[in-house]
Amino acid sequence: QVQLVESGGGLVQAGGSLRLSCAASGFTYAMGWFRQAPGKERESVASISRGGYTLQADSVKGRFTISRDNTKNTVYLQMNSLRPEDTSVYYCAAGSNNIASLRSTQYNTWGQGNQVTVSS
């Protein structure tokens, strides 16, 4: 089973930017980003197929961009115009097929999570 290693989180002021990376140990189909804040349910952020078809949650449209480099087995999440409500632990996930989806049930491998904190 592929392993996922995330990096790039941290502390940023509101309005700032961060880029998360998720490096896979091997081939992956569709990839996704999810997040979970303390006391809240996990929510979807974005998804991308191997061919580059993307989906974004309404809460991040126009601010976050998901991309991938298949030669490096890496997926990225560029986060711009960050808001305090974006503060969460962000998880990348590898899908069981190549259909981009915002449904967590479509993913069978998860990264360890990466904290993103946006200060006001």
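A94 counts as buried, with a relative accessibility of 3% (buried means under 20% relative accessible area, exposed over 50%, and partly exposed in between, with a 1.4 Å probe and protein chains only). The model is a predicted one, so local features need pLDDT of at least 70 and side-chain atom pairs count only at pLDDT 80 or more, while totals for chains, interfaces and linings use all residues. Residues are numbered from 1 along each chain as its sequence is written, and side-chain values use heavy atoms, with hydrogens and water left out.

A94 sits in strand β9; helices (H or I, at least four residues) and strands (E, at least two) are DSSP runs, numbered from the N terminus. Setting aside neighbours within four places in sequence, A94 is in contact (heavy atoms within 4.5 Å) with V2, L4, T28, A30, M31, Y107, N108 and T109.

S44 touches W33, F34, A57 and L102, not counting residues up to four places away in sequence. From S44 to T109 it is 15 Å, C-alpha to C-alpha, and 65 residues in sequence.

Now for the sheet. An open sheet is built from 4 strands in the order β1-β3-β8-β7, and the pairing is antiparallel; two strands pair if DSSP finds at least two bridges between them. β1 (4-7) and β7 (64-69) each have a single partner strand and stand at the edges, so one side of each is left without a neighbour in the sheet. On average, neighbouring strands here are turned by 15 degrees against each other, direction ignored (axes are lines fitted to C-alpha atoms, for helices over the stretch in contact, and angles run from 0 to 180 degrees between N-to-C directions). In general, strands of a sheet pair through backbone hydrogen bonds, either parallel or antiparallel.

Strand β3 (residues 18-24) pairs with β8 in the antiparallel sense over 6 bridges, and C22 has V75 in β8 as its bridge partner. β7 and β8 (residues 74-79) also pair in the antiparallel sense over 6 bridges. Here F64 is bridged to M79 in β8, and D69 stands opposite T74 in β8. D69, in strand β7, is partly exposed with a relative accessible area of 22%. Apart from neighbours within four places in sequence, D69 is in contact with T74 and Y76. The C-alpha atoms of D69 and W110 are separated by 18 Å, and the two residues are 41 apart along the chain.

N73 is partly exposed at 24% relative accessibility. S81 gives another positive phi in a residue other than glycine, near 50 degrees. S81 lies in the loop between β8 and β9 (88-95) and counts as partly exposed at 42% relative accessibility. For background, most residues other than glycine have a negative phi, and most peptide bonds are trans.

The structure holds 1 cavity of 30 Å³ or more, where a cavity is a set of points on a 1 Å grid over the protein atoms alone at which a 1.4 Å probe fits but cannot get out, and lining residues have an atom within 4 Å of a point. The largest cavity has a volume of about 40 Å³; grid points are joined across faces, edges and corners, and the volume is the space filled by probe spheres set on the points. Its lining consists of T28, M31, R68, D69, N70, N73, T74 and V75, and β7 and β8 are the elements that give two or more residues to this lining. By class, the lining has 2 nonpolar, 4 polar and 2 charged residues (Ala, Val, Leu, Ile, Met, Phe, Trp, Tyr, Cys and Pro count as nonpolar, Asp, Glu, Lys and Arg as charged, and the others, Gly among them, as polar).

Note on methods:
1 Å grid on protein atoms, 1.4 Å probe; cavity = no way out; pocket = protein on both sides within 12 Å on 5 of 7 lines; lining within 4 Å.
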